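Opened the notebook to look up a few things in this model.

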Amino acid sequence: MYSHWNVHKEDRIAVVSVNRPPANALSHETLKELAALLDELENDALVKAIVVTGEGRFFIAGADIKEFTELSPADAEEMARSGLKLFDRLESFPKPIIAAINGACLGGGLELAMACHIRLAAPEAKLGLPELNLGLIPGYGGTQRLPRLVGRGKATQMILTSEMIGGEEALRIGLVEAVYPLDELLAKAKELAAVIAQKSSVTMKLALNAIHTGMTDGPVAGIEQEAKLFGQAFGTEDIKEGVAAFLEKRKPQFADR
């Protein structure tokens, strides 16, 4: 169904991997397929958590630069707005998305990874925003998400120098949450997804919504949204099961309702 993405669903987890040799660059078609893939995953009730990775030696090495050669300023702005809209959807997606960064994760690839909810990396992964080497700036949210994750100073340094960092440095500065050997990375990402998938999909959606609101609209709006969604959780079947399981000292069996 997809030319540039492989999709494998098993045990409430979907593993989706970019498959566009040689470097898994993000073309217009790759992003268009990602939008369709997100529609599919959002509507699949059997999928509760998602892992995104890359085929081969690359996660995503960046945008398809060949597509830049004939863009006018207006075309470029429209392309950026389209990519920003798609990555905003990733960031606000109602199901958790884990990036398993297995190799080069540059430019648009890092911008995609930063829009995911959780990032894991291999030590040999290379992460960076090298757009200034091309006479450009990041256009899919990199100037906004990187400072939020690593701080303004480090983000400014990385963007202005086009610096690439490895997985261990990315962990040290807070760009990723954990580092695993390459041959264990995908398995570890799936293990994490499996733990998360045991939770109620209804309350996961509420939690992701509250986190996203606070990050995008500020802490005052986030606190207000948290209180509202906390109340909504009490209207679900799953809170009754969760409380009953706690009192009965057993594992809850959530119905996702």
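My entries on this predicted model follow.

**Entry 1: the pocket.** I started with the largest pocket and got a volume of about 620 Å³. Which of them gives the most? It is H2, with five residues. Sorting the lining by class, I got 16 nonpolar, nine polar and three charged residues.

**Entry 2: aromatic rings.** I searched for aromatic pairs and the structure holds two. I wrote down one of them, Phe87 with Tyr140, which is edge-to-face. The ring centres are 5.4 Å apart, with 75° between the planes. Where do the two residues sit? Phe87 is in helix H2, while Tyr140 is in the loop between strand S8 (126-128) and H4, so this pair ties together parts that are 53 residues apart in sequence. I looked up burial too: both Phe87 and Tyr140 are buried.

**Entry 3: Glu91.** I stayed on helix H2, where Glu91 is also found. Buried or exposed, I wondered about Glu91? Its relative accessibility is 15%, and the cut-off for buried is under 20%, so Glu91 counts as buried. Leaving aside neighbours within four places in sequence, I listed what Glu91 is in contact with: Ala115, His117, Arg145, Arg148, His212 and Thr216.

Methods. Residues are numbered from 1 along each chain as its sequence is written. This is a predicted model: local features need pLDDT of at least 70, side-chain atom pairs count only at pLDDT 80 or more; totals for chains, interfaces and linings use all residues. Side-chain values use heavy atoms; hydrogens and water are left out. On a 1 Å grid over the protein atoms alone, a cavity is a set of points where a 1.4 Å probe fits but cannot get out, and a pocket is an open set with protein on both sides within 12 Å along at least five of seven lines; lining residues have an atom within 4 Å of a point. Grid points are joined across faces, edges and corners, and a volume is the space filled by probe spheres set on the points. Helices (H or I, at least four residues) and strands (E, at least two) are DSSP runs, numbered from the N terminus. Ala, Val, Leu, Ile, Met, Phe, Trp, Tyr, Cys and Pro count as nonpolar, Asp, Glu, Lys and Arg as charged, and the others, Gly among them, as polar. Rings of Phe, Tyr and Trp (its six-membered ring) pair if their centres lie within 6.5 Å; planes under 30 degrees apart count as stacked, over 60 as edge-to-face and the rest as tilted. Buried means under 20% relative accessible area, exposed over 50%, partly exposed in between (1.4 Å probe, protein chains only). Contact means heavy atoms within 4.5 Å.
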